[in-house]
Amino acid sequence: MTTLTDPPRESFRLSMLLNDTRYRALTFQAIALLALIVAFAYLGRNLMTNLAEAGLNISFGFLGAPAGYDINQTLVEYNSQSTNARAALVGILNTLLVSFLGCITATVLGVFAGVLRLSNNWLVSKLMSVYVEIFRNIPVLIWIIIIFTIMTAVMPGARSYLGEDPENSLLLGMFAFTNRGIYIPAPVWGPGSGVVVAVFLASIAATIAYRRYTTKLLYSTGQMLPRGWPSLLILFVPAIIVFFIMGQPIGLDLPDPLANRFNLRGGLQIGAPLIALWFALSIYTGAFIAENVRAGILAVSKGQTEAASALGLRPNRVMNLVVLPQALRVIIPPLISQYLNITKNSSLAIAVGYADITATLGGITLNQTGRAIECVLLLMLFYLTISLSISAIMNVYNKAVSLKER
Amino acid sequence: MKNTAFFGALTVATLAAGAAAASTLEDVQARGKLNCGVSTGLVGFAAPDANGEWQGFDVDVCRAVAAAVLNDPTAVEFVPTTGKTRFTALASGEIDMLARNTTWTFSRDADLKFEFVGVNYYDGQGFMVPKDLGVSSAKELDGATVCIQTGTTTELNLADFFRSNNISYEPVPIETNAEAQQQYLAGACDVYTTDASGLAATRATFEDPSAHVLLPEIISKEPLGPLVRHGDNEWGDLVRWTLNALISAEELGITSANIGELSAGTNNPEVNRILGTEGALGEMLGLDAEWAKRAIEAGGNYGEIFAVNIGEATPIGLARGLNAQWTEGGLLYSPPFR
């Protein structure tokens, strides 16, 4: 007769936390976590007691108080009696504006430079190497200041455009390039302009639909319809017709040299600080993106290019249809961090007097209210939120273009 | 700047306890150097000369304090601060005192927890414009682009002035006086506004000062003075009475020329008390008897410091005006040494 006994059940002993490899890792992690919590609690408590000792407190009440200062570029209604929270909002929008513009131009620049750096043309590829190496290896703050200084020193003063008989006249009667910024005509939305805009938006949708249709037709039947001029036709003709039918509801507000003795009035002013910051961030980050693009292209196996050429595709088609789509998979992840860099580097705006969030909330508001800890906490929260949002969005796009394995 | 503020805040958090333990006076004596916050460069008030030596009206206040405390007017570590970084630097203990043409206001005193020890220059905010603009009053500045040092009271006064006169302007916020000067000369702004004394000092450095005019409007009261942290009253007293000693010295006719002679003893008991030959005022401050004598010897009395750095004989050419002694129609009035 055999009796089957269960193997003795191993009971948990305290010493196993150290001696048993199954538990040891967990033990050390728990200890590390505990130490971290204690350290932060100590720092936090120290901060609170010291603040209390100095008679200071943490309070966000200042956000509701009038800011008292003016800002030179505001995308929303703002005056010196608006609250500090409003001033922060103005700063946030300015940060987002310059980051958005910077991301777009840096990407365009970067892709161009990256592709051209691999060009067979010796001169072009060397020029691009020079661009990349120069801009990548000089700090962006220096570029911002250089560009701003050159702008203010080289461009004509605003006053040279003013008066009955100015030194400089407006380009086409519409554009002025001064050391305080560029003035362009601003659209004036009259009654009925909504219809024109709606028609234009519908035209954009129709253009996209038409291009999809031609692609589909090409793939299913091999018939190739022209794409260039019909697209342009669909895009502009209906909107122009409606514009005249509605009695030209959209007018232009031109910069007026006679309205004021100091500055041009009217039109849309793109301030010199915005231009300098935008341009500097674009060319600086563009150089990094160029390297990402080059790396991405080199990562596509040469066989792909050769196969495409063997099929009779021309070099630019090989690039657009075969190489770049595959290279994107390599390019996108580092591109995300370049976008984050642009957003974070835009905090250097104060060097040229651009009113971003660091300049308003983290600069003037902080100084005038003396609420350093609160302002810096809010700044950290803002940059964290915006950076995580950008990477979330770009990760979604990355998923969409990444290699789908079946 | 974000970093400066952040680390400043952190150091407030971590160092405040340490600062409370030892008094500022003991810290300074142990260190053998006075850390004095000054401007990043405003000729006449605080700027390094060709040899890298800091010179100026505010600098001499620092030197006087160093002479009183450390018996050496050169034992000063000058810390250049911008309008934005100065308060964090003082609150965190990075500097022992701030002498950087800083306006005494209610909220800086009560909310930021600083102690203004007195006024060494009564100032007001003015405007400078190029002469060829033909502007004769600040009220004609509608639509102008204005350069302004960010983080200062002038920024708020400017907004109030244009708002109350119902005219518009475009601000160009700038970090330091040097940058503002460059922007103004390049024509990136039509007007530069800051304290009238600062405007005069800035204009003096221009290639052609006569091509620029100061407008007659003075739109604010700007009492400028040295300040220390709340919470160390002994140190505050020391800086306050050093400044008062300089002012009283001028009133009582003590100059760097005759101070040796006077400290042998005079018939005026107040002079004797200041110079330490009578009474024990120095002891009450925790110093020796000759503290004020050394302070005055460092750069002369208030009038001498004024004349050498910013007076009418200098390129800056400021008249005494409000900054004359009360006996001569000015506002300078030191409490008695008793």
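I began with the contact between the two chains of this predicted model, and found that 38 residues of chain A and 40 residues of chain B take part in it. I then looked up which elements of chain A give two or more residues to the side that touches chain B, and noted helix H2 (21-53), helix H5 (140-154), helix H11 (357-369) and helix H12 (372-401). H11(A) gives the most, with eight residues. Sorted by class, this side of chain A holds 15 nonpolar, 19 polar and four charged residues.

Next I turned to chain A as a whole, whose secondary structure I recorded as twelve helices and five strands. Its radius of gyration is 30 Å, whereas a compact globule of 406 residues would come near 22 Å, and its C-alpha atoms fill a box of roughly 110 × 75 × 50 Å along the principal axes. I noted that 31% of the 406 residues in chain A are buried, and that, of the contacts in chain A with a separation of 6 or more, 67% join residues 24 or more positions apart.

I then looked up the largest nonpolar core, which has 160 residues, and saw that A:Leu277 and B:Cys62 touch the most other members. Helix H8 (residues 272-299) of chain A supplies the largest share of this core, 16 residues. Because domain 1 (2-16 + 23-122 + 223-328) and domain 2 (125-220) of chain B both give residues to the core, it lies between them.

For B:Cys62 I listed the contacts beyond its neighbours within four places in sequence, which are B:Leu34, B:Cys36, B:Val38, B:Val76, B:Phe78 and B:Ala99. Last, I noted a second, separate core of six residues, among them A:Ala158, A:Tyr161, A:Ala176 and A:Tyr183.

Technical notes:
Residues are numbered from 1 along each chain as its sequence is written. Chains are lettered from A and ligands numbered from 1 in the order in which they are written. This is a predicted model: local features need pLDDT of at least 70, side-chain atom pairs count only at pLDDT 80 or more; totals for chains, interfaces and linings use all residues. Two residues are in contact if their C-beta atoms, placed from the backbone, lie within 7 Å. Helices (H or I, at least four residues) and strands (E, at least two) are DSSP runs, numbered from the N terminus. Ala, Val, Leu, Ile, Met, Phe, Trp, Tyr, Cys and Pro count as nonpolar, Asp, Glu, Lys and Arg as charged, and the others, Gly among them, as polar. The radius of gyration is taken over C-alpha atoms; the globule rule is 2.2 Å times the number of residues to the power 0.38. A residue is buried if 20 or more other C-beta atoms lie within 10 Å of its own, exposed if 12 or fewer, and partly exposed in between; C-beta atoms are placed from the backbone. A nonpolar core is a set of buried Ala, Val, Leu, Ile, Met, Phe, Trp, Tyr and Cys residues joined through C-beta atoms within 7 Å. Domain bounds come from an automatic or database domain assignment.
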